[in-house]
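Visitor: I've got a model to walk through, and I'd like to ask about a few of its residues. Can we start?

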Amino acid sequence: MSDRVDQAMERRHFLKVAAAVAGSALSHPILAQSDRAVLEVSGQLKASRTFTLADLQALGATRLVTSTAWTDGTPEFEGVLARTVIDTLGPIGSDRVTALALNDYRTDIPLSDFHEFDVIFAWSMNGQMLTRRDKGPLWIVYPRDAVPQLREERYENRWVWQLNRLIFP
């Protein structure tokens with residue numbers, strides 16, 4: 001009988017430890033986001049695709065310091081170049097992309113923006129991971145301080161925060 005009691009105690013201990021580890025991973029933004037899809041891509045492509053945060057980070061990180069119409073000062077963003085993501089998709093049958101956000105905002109962006117400018121899909125600002133509350137999981141960020149024309153309203157409308165889908169119509 002003591003074997004049975006010992007096994008039950010070990011099992012309870014294991015379950016407590018497992019629950020604590022799982023809870024810790026979920027409360028840590030990097031761990032919680034790295035294994036779930038943060039960006040879905042579909043449309044006129046060879047195949048639809050999803051990216052996790054880890055997938056995007058594996059494509060290489062770029063830092064961009066620029067002012068925005070929505071923040072004070074000149075924050076430092078970290079993310080992946082949009083053209084790098086686009087280049088992984090293979091042939092695309094469209095010259096534009098519809099960017100969609102978690103809050104249902106949508107806008108069309110010419111693909112030429114991604115090749116002409118160093119636009120990034122940012123996952124952090126000032127060293128802090130972006131969350132849903134602060135424009136995450138991804139935010140399309142243009143280098144508006146480096147290229148004066150990017151301060152025009154038509155470009156400002158392309159800064160999609162809470163980005164989660166790209167559709168190539």
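Visitor: Is Asp-113 buried or exposed?
Guide: This is a predicted model, where local features need pLDDT of at least 70, side-chain atom pairs count only at pLDDT 80 or more, and totals for chains, interfaces and linings use all residues. Residues are numbered from 1 along each chain as its sequence is written, and side-chain values use heavy atoms, with hydrogens and water left out. Buried means under 20% relative accessible area, exposed over 50%, partly exposed in between (1.4 Å probe, protein chains only). Asp-113 has a relative accessible area of 3%, so the call is buried.

Visitor: Which residues is Asp-113 in contact with, leaving aside neighbours within four places in sequence?
Guide: Asp-113 sits in helix α5, residues 111-116 (helices are DSSP runs of H or I, at least four residues, and strands are runs of E, at least two, numbered from the N terminus). Contact here means heavy atoms within 4.5 Å. On that basis, the partners are Val-119, Tyr-142, Tyr-155 and Arg-158.

Visitor: And Gln-162, what's its phi?
Guide: Gln-162 belongs to strand β10, residues 161-168. At 12% relative accessibility, Gln-162 counts as buried. Gln-162 isn't a glycine, yet its phi is positive, about 60 degrees.

Visitor: Where's Pro-137, and what's the omega of the peptide bond from Gly-136?
Guide: Look in the loop between β8 (128-129) and β9 (138-141) for Pro-137. The peptide bond from Gly-136 to Pro-137 is cis, and its omega is near 15 degrees.
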